[in-house]
Amino acid sequence: MKIGFYEKLAFTGIKKNKKLYTPYILTCIGMVMMTYIISFLNSSDTIKNMRGGTEIQGFLGLGFGVMSVFSLIFLFYTNSFLLRRRKKEFGLYNILGMGKRNLAVVLMWESLFIAGISIVCGIFSGIVFSKLAELCLIKILQGTAEFGMTVKFSSILQTALLFAGIFLLIFINTLRQIHLTNPIELLHSENAGEKPPKTNWILALAGAVILGGAYYLAVSIEDPMSALTWFFVAVVMVIIATYLLFVAGSVVLCKILQKNKKYYYKTNHFVSVSSMIYRMKRNGAGLASICILCTMVLVMVSSTVCLFIGTEDSIRTRYPRHINIQVNVTEYDEIGPERLDEIRSVTSEETAKLGAEPQNVLDYRVAALAGYDVADGVIDIEHINNFTDYSDIWQIFIVPIEDYNRLMGKNVTLMEDEALIYTTKMGKYDNSTIAIGDSEPLKIKEKVTDFVDNGVDAMQIFPSMCIFVSDFNEKIDPLKEYKNNKGDPIVQYSWFYAYDLDLDDETQIALEKTLSNEMLDIQKQVVSETGDEDFYIVCEGASSERAGAYGLYGGLFFLGILLGIVFIFAAVLIIYYKQVSEGYEDQSRFDIMQKVGMTKKEIRKSINSQILTVFFLPLVTAGIHLAFAFPLIKKLLLLFSLTNTGLLIGVTVACYLIFALFYVIVYRLTSGAYYSIVSGAKEENE
């Protein structure tokens, strides 16, 4: 063979099939670029040294792993489209005397060309756009940008090795398929599998049942902990059901359409349905993949966008006021009036030095403990480790009714055997009485719908229950006897004192540090006087924790956008290959129809009927998946202290509408490509 023959043959093969290879190579470049950017940001010293940078780099590390796995699976998947289209060409080479070893050399050069172009251009693009990504991330973290551009050679090496390995595995898989196929099969590979699949009602019914079960889980789960437990189960069920319904259910749908004579015996419908039905098994798998990717994009983007937009709401839930002080003791008597007055006095003095005055003051006592609802209104606090269902667990706060009245502006009176209750995180308590351990049952006079946040509930994955009682000391006295496995008291007594300030963040952070030192002095004094080392005071500020919150939610938001873009590119490429591959398969059939008198206008109508029948099915199904997943997503976001349901609804609807618009644009483009192939005519604008 002449020197350079294989290289030239490989290059010519790519060039001749540019309609297939161009989008594939561009997608590979995009994935390499995204992977480099994630790796670069994950090791960026600029991000690491910012407040919240550690949290966001933790998510980026997770994102790199997701990108690696997804790139491997997706590039294998899309390469199968290329291989199937080229098999006829490879079979012809084989018939003309080129052995499989020679084909392997050609394929090796093709793989080297594609890998080289993808890795070099992808890393170069990643370097170019890495600064822009870093600036966006700095903006999310509310930091200050630095001038200058950095290139991370470790990220270049990591990305290059990853994709070199992926392309090597794809090449090996291609050789395997070529080796196991004889030349005649290669020549006729495009026509393989043209027998229409039989209607499989069992698989279609199984898909419907599994999907119904997943939807039931999504709408029936009421507490966030159960939602977290069952979320991934529901996701797997939806994926399985989607594939079953699109593969088997789509065939059933075509059979039903065939039986509808008014619909089927029309030129455009007759051609589209008859041409779809014999290969709906393969077509259905592609549609299912598109649907799953669309659903992933919508769920991920809407959730992360909502979390980021609602960051301030989450901060306010976690830190109800700008300055939050909590005194914790194991003996209630240690929270004496003199001690509390001392803390109030210190905070007032330090705040007054800054020319400010406490606003929206919270000041109340609680007895906190954990328990689980066993039956008949009894909350077991002694055997908390023996619970059988996460949904039965409660974080319980017993609060004096006088504190409730003062904070909520109410004037509720309770008898000795009565109580009010308030539950969070959509937790429900349906009994008419409640008894903590072996204490006397209390009648629930009313289930109130609101109470001030104390920040503790926001940190818990379990729902909280506030029980408002009269004679606070009398009600908590029997609980002192309960001990845990270590012999420590089960009940912890706390006093919450918090207030807002009309000061900027930096001043509030400085005040928090001062108050923390003052509280530490008081704590040391109490410990030295009483010898009780369980006495401690916590002073927290919303301003100082804001960076960490933006690091957490900003990291999820940034990663959600990056992965969302990648998944969108993947969906577009699958859609494009689906239309192009079907176009080539239908080309000969439509050519025959043109020869027997079918006009290009009728072909266009037939194409529109076929594409509209199946193309928008993934989008509609993804919307249905999203609607049923909404209650589950809402409960999961409660674990992130996001309680703004209106915001979640608005963001979810907006994301779906924007995505639907993008989907329509893709439809227009791929429809034109399909028409160009099957009709043999160029588009009017070319």
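## A guided tour of the predicted model

Begin by selecting Asn360, which lies in strand β2 (residues 359–375); helices (H or I, at least four residues) and strands (E, at least two) are DSSP runs, numbered from the N terminus. This is a predicted model, in which local features need pLDDT of at least 70 and side-chain atom pairs count only at pLDDT 80 or more, while totals for chains, interfaces and linings use all residues. Residues are numbered from 1 along each chain as its sequence is written, and side-chain values use heavy atoms, with hydrogens and water left out.

Although Asn360 is not a glycine, its phi is positive, at about 50°. Asn360 counts as partly exposed because its relative accessible area is 48%; buried means under 20%, exposed over 50%, and partly exposed in between (1.4 Å probe, protein chains only).

Next, select Asp471, in the loop between β8 (464–469) and α17 (472–476). Asp471 is not a glycine either, and its phi is positive at about 50°. Its relative accessibility is 40%, so Asp471 is partly exposed.

**Helix α2**

Move to Leu26 in helix α2 (residues 18–42). Leu26 counts as exposed because its relative accessibility is 54%.

**A pair of helices**

Two packed helices are described by the angle between their axes and the distance between the axes. Select helix α8 (residues 201–220) and helix α21 (residues 617–638), whose axes come within 6 Å and cross at roughly 35°. Here axes are lines fitted to C-alpha atoms, for helices over the stretch in contact, and angles run from 0 to 180 degrees between N-to-C directions. Show the side chains of Leu211, Tyr215, Ala218 and Val219 on α8, and of Ile624, His625, Phe628, Ala629, Pro631 and Leu632 on α21, which make the contact (heavy atoms within 4.5 Å). These residues comprise nine nonpolar, one polar and no charged. Ala, Val, Leu, Ile, Met, Phe, Trp, Tyr, Cys and Pro count as nonpolar, Asp, Glu, Lys and Arg as charged, and the others, Gly among them, as polar.

**The largest pocket**

Which residues lie nearest the centre of the largest pocket? Select Phe231, Phe232, Val235, Met296 and Val299, which hold that position among 45 lining residues. A pocket, on a 1 Å grid over the protein atoms alone, is an open set of points with protein on both sides within 12 Å along at least five of seven lines; a cavity is a set where a 1.4 Å probe fits but cannot get out, and lining residues have an atom within 4 Å of a point. The largest pocket has a volume of about 1,600 Å³, a volume being the space filled by probe spheres set on the points, which are joined across faces, edges and corners. By class, the lining of the largest pocket has 38 nonpolar, seven polar and no charged residues.

**An enclosed space**

There are five cavities of 30 Å³ or more. To find the second largest cavity, select its lining residues, among them Phe397, Tyr422, Asp453 and Cys466. The second largest cavity holds about 70 Å³ of space.

**Last stop: cysteines**

The model has zero disulfides, a disulfide being a pair of cysteine sulfur atoms within 2.5 Å. Select Cys655, whose nearest cysteine sulfur, that of Cys306, is 9.0 Å away. Cys655 is buried because its relative accessibility is 15%.
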